[in-house]
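Please look over the sequence and the model shown here before reading on.

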Amino acid sequence: MMDSFLSGLGQILEPATLIYMALGSLAGIIAAAIPGFTVTMAIVLTLPLTFAMEPLQGVAVMLSVYVGGYTGGLISAALLGIPGTPSSVATTFDAFPMARNGEPGRALSLGIWASFFGTIISTIVLVVAAPPLALVAVRLGPWEYFSLIVFALTIVASLVGTSLLRGLIAGVIGLALATVGPDPMMGRPRFDFGIEMLAPGLPFLVVLIGIFAISQLMSELENAREVKHDTALISGNIDFHTWKVMKEVLLRPVNLVRSSLLGVFIGAVPGAGGSIANLLTYDQAKRASKTPEKFGTGIPDGVVASEAGNSATSGGGLIPLIALGIPGSAVDAILMASLMVHGIGVGPRLIMEHADLVYGMFIAMVVASFMMLVICTLSMRYFLRVTDIPKYVIVPVVTVCCVIGAFALNNRLSDVFLLGFVGLAGYILKRLDYPLAPLVLGVILGPIAETNLRRALMSDPDWTSFFTRPISAALLLAAVLSIVWSVRSFMKGRKSPIEA
């Protein structure tokens, strides 16, 4: 074991490998900071460049892009109010208000340190508990997946804003949008109303960019006086007090560890991913807080929970990949493909036949975390220069990036038109005081819930299986308790001002 560890360590610490990893981390951060350019896109672009490298060196570079990408989405989420990636949706809820309140440096620092510690904790869990966690994740069938998504959908109740009815309506709209396009099981067209643009369905990223980015940019242009007078999107002190903020994150150990462990588990569930972890950890932090009403106003707990949760999925996703040869996400599938290109079979025997490679991957995760931390800390001052850019410059530049990101997804011009329509719809809903987060949650989780529900019923038409399978029943019970708790808290919050 020690020989394999030292062999992996030696390969990772080679100067060429470290340089490639640093470049990969920087590329992941920049790619994820641009709305529409996801971590998966960055990994796909990196894959061909690793073919000429040694197996461990190539995987280490892609892991650096992976870790950097999960943190990069924080930058646009905090400074623009636009999630750079789907896994940073919940980060906008508190990071952007904090930046708007004059603390953009603090918002970025909190997210960066939370991401760093989340990745480190997930790596520790990966090393210690990979086989047991992988066995649990693989035992989940479509019944358990559906119940997990139902539990995740209860997050809607904590994201409804000031009106429970409007929040639920927004969530239903999101679920309805998820049904447009081909049937996920049979491929039959549905709800496209004969409109060619709707025939392929509504790509999730197009909806995400339109709902959050375009609607936010439209809102910024409402005040013509601010645009004409060179007003910046956000203002405040660009100092970030790195070590002071690190202590601030460590002073929230329960929130940090809980969010990281939840992120690890969700990452280990194939097909779940960072977007679900980001929202679910935020929701759990809000439920556990003594002051849940402050979430969404720019408090540290919201930033720490969302960023620790989504970054921890990077280590969690490797658990089923290394232990059983089952990729936990699209990125993990690309990592598996990279190993297979080099003639390395991925499966239960991987750790026995290529122990140096597996230990090298563990070490690469830790090294990539430190690289991400150093690069973000050194470059943060430059990112914070966004506070000096007037709206009339930043709005068109970000809009162009959004359009390019939407087009690059499938190389379809129709997606650009959809982006405009969805953005306009998001702006109207926002003006009518409908929360946008439940809508996006419905679009994310709707297809996963539908697919697993139909798989379960095709395997066994008896619907009582959802309640007789222990894990599925436990998740459904948790969903019911979650709804009851959320509605009770919401009603209590509405009564308290009247009583006062």
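Is Phe-191 buried, exposed or partly exposed? With a relative accessibility of 47%, Phe-191 counts as partly exposed, where buried means under 20% relative accessible area, exposed over 50%, and partly exposed in between (1.4 Å probe, protein chains only).

## Basis of the description

This is a predicted model, in which local features need pLDDT of at least 70 and side-chain atom pairs count only at pLDDT 80 or more, while totals for chains, interfaces and linings use all residues. Residues are numbered from 1 along each chain as its sequence is written, and side-chain values use heavy atoms, with hydrogens and water left out.

## The chain as a whole

The secondary structure of the protein chain consists of 22 helices and zero strands; here helices (H or I, at least four residues) and strands (E, at least two) are DSSP runs, numbered from the N terminus. Of the 500 residues in the protein chain, 56% are buried. The chain exposes about 21000 Å², and carbon and sulfur atoms supply 69% of that area, as computed by the Shrake-Rupley method with a 1.4 Å probe, with only the protein chains shown counting as cover for residues.

Contact means heavy atoms within 4.5 Å. Among contacts in the protein chain between residues at least 6 apart in sequence, 80% join residues at least 24 apart.

Phe-193 is exposed, with a relative accessible area of 67%, and its C-alpha atom is separated by 9.8 Å from that of Gly-181, twelve residues apart along the chain.

Asp-183, by contrast, is buried, with a relative accessible area of 11%. Once residues up to four places away in sequence are set aside, Asp-183 touches Arg-188, Arg-190 and Arg-454.

## Residues paired across the sequence

Val-206 has its place in helix H9 and, at 1% relative accessibility, counts as buried. Between Val-206 and Gly-405 there are 8.5 Å in space, C-alpha to C-alpha, although the two are 199 residues apart in sequence. Not counting residues up to four places away in sequence, Val-206 touches Ala-406, Leu-409, Asp-415, Leu-418, Leu-419 and Val-422.

Ala-52, in the loop between helix H3 (39-46) and helix H4 (55-79), is exposed, with a relative accessible area of 80%. Its C-alpha atom is separated by 9.5 Å from that of His-342, which is 290 residues apart from Ala-52 along the chain. Ile-319, found in helix H14 (residues 300-324), counts as buried at 0% relative accessibility; the C-alpha atoms of Ile-319 and Ser-122, 197 residues apart along the chain, are separated by 9.8 Å.

## Nonpolar cores

In soluble globular proteins, nonpolar side chains tend to be buried together. A nonpolar core is taken here as a set of buried Ala, Val, Leu, Ile, Met, Phe, Trp, Tyr and Cys residues joined through side-chain atoms within 4.5 Å. The largest such core has 76 residues, and those with the most contacts inside it are Leu-63 and Leu-318. Helix H17 (residues 355-383) gives the most to this core, contributing 17 residues.

Leaving aside its neighbours within four places in sequence, Leu-318 is in contact with Leu-63, Leu-126, Asp-332, Leu-335, Met-361 and Met-365. A second, separate core of 57 residues includes Met-41, Ala-152, Ile-209 and Leu-476.

## Packing of H12 and H13

Helix H12 (residues 253-268) packs against helix H13 (residues 274-288) at an angle of about 145°, with their axes 9 Å apart. The axes are lines fitted to C-alpha atoms, for helices over the stretch in contact, and angles run from 0 to 180 degrees between N-to-C directions. The crossing of H12 and H13 is right-handed; a crossing is left-handed if the near helix is turned anticlockwise from the far one by less than a right angle, and right-handed if clockwise.

From H12, the residues Asn-255, Arg-258, Ser-259, Leu-262, Gly-263 and Ile-266 meet Ile-276, Ala-277, Leu-280, Thr-281, Gln-284, Ala-285 and Ala-288 in H13. By class, this contact of H12 with H13 has seven nonpolar, five polar and one charged residues, where Ala, Val, Leu, Ile, Met, Phe, Trp, Tyr, Cys and Pro count as nonpolar, Asp, Glu, Lys and Arg as charged, and the others, Gly among them, as polar.
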